[in-house]
Amino acid sequence: MYLICESDNLEDYLLELNEINYSNPLIKSKVDELFNPSQSEIEKAEVAFEFVRDGISHSWDIQGKRVTCNASDVLTYKEGICFAKSHLLASLLRSQGIPTGFCYQRLMLFDTPEKGYCIHALNAVYLKELNKWQRLDARGNKKGIDAQFSIDEEKLAFTPQEKFGEKDYPIIYRKPHPKTIAALKEQTDVLELYKYHLPESL
């Protein structure tokens, strides 16, 4: 997958935003717990990825109703859909000066095109040691989904099937896409959001 940066300035991928609120005391506490000065950037990226993948439940998998958006809320409630989980991973890594952006895929919402499509969020992390961007998907594993931290080849949760209208979007965004933020802000029940109100394209 050939990735295209929305900005050529890596500093843009370190910004603190409403959703990426790494100055929040809860985030700072988790940062102190996860990271130490002896870790390399790659080690920090792996630790953060595995925490968000495994330590934060995907709302649909647990059939939770709470909508989380800001990284601190995702951490507080330990749940969120892919949009929200990508906010937390970005927050943890940006706090460490590791440039982190947002990537998206268009996927079938369930198992057939007739059941509709949705936008799926993941992250891209710039690893200075390797001089490259690497996509990571902390959605959360379950039967049929096995996303892993990998610096050699991508091991994402989903591989888009173009014959069914699925696709990878190549842009690495500096900020979460407005459509994803709007979906989270406009709904109060994440199961209703997931079934009926996820954006179908960017």
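How many of the five residues of strand S6 (residues 132-136) are buried? I looked this up first. Four of the five are buried, so S6 is mostly covered, where buried means under 20% relative accessible area, exposed over 50% and partly exposed in between, with a 1.4 Å probe and protein chains only.

**Basis.** I am working from a predicted model, in which local features need pLDDT of at least 70 and side-chain atom pairs count only at pLDDT 80 or more, while totals for chains, interfaces and linings use all residues. Residues are numbered from 1 along each chain as its sequence is written, and side-chain values use heavy atoms, with hydrogens and water left out. I take helices (H or I, at least four residues) and strands (E, at least two) as DSSP runs, numbered from the N terminus.

**Sheet.** I traced an open sheet of five strands in the order S1-S7-S4-S5-S6, with mixed pairing. Strand S1 (4-5) and S6 are the edge strands, and each has a single partner strand, so one side of each has no neighbour in the sheet. I count two strands as paired if DSSP finds at least two bridges between them.

I then went through the pairs.
- S1 and strand S7 (residues 167-173) are parallel, over two bridges; Cys5 has Ile172 in S7 as its bridge partner.
- S4 and S7 run antiparallel and are joined by four bridges; Phe102 has Tyr173 in S7 as its bridge partner.
- S4 and S5 are antiparallel over nine bridges; Cys103 has Leu122 in S5 as its bridge partner.
- S5 and S6 are antiparallel over five bridges; Tyr126 stands opposite Trp133 in S6.

I noted that S5 and S6 form a hairpin with four residues between them, and that Asn131 in the turn has a positive phi of about 55°. For S4, I found nine of nine residues buried.

**Helix H5.** H5 has 13 residues and reaches 18 Å from its first C-alpha to its last, close to the 18 Å expected at 1.5 Å a residue; the expected span is 1.5 Å times one less than the number of residues. I found 13 of its 13 residues buried.

I used a 1 Å grid over the protein atoms alone: a cavity is a set of points where a 1.4 Å probe fits but cannot get out, a pocket is an open set with protein on both sides within 12 Å along at least five of seven lines, and lining residues have an atom within 4 Å of a point. Grid points are joined across faces, edges and corners, and a volume is the space filled by probe spheres set on the points.

The largest pocket holds about 340 Å³ of space. I found 22 residues in its lining, with Leu107, Met108, Leu109, Phe158 and Tyr194 nearest its centre. Helix H5 (82-94), strand S4 (100-108) and strand S5 (117-127) are the elements that give two or more residues to this lining; S5 gives the most, with three. By class, the pocket lining has 14 nonpolar, four polar and four charged residues. Ala, Val, Leu, Ile, Met, Phe, Trp, Tyr, Cys and Pro count as nonpolar, Asp, Glu, Lys and Arg as charged, and the others, Gly among them, as polar.
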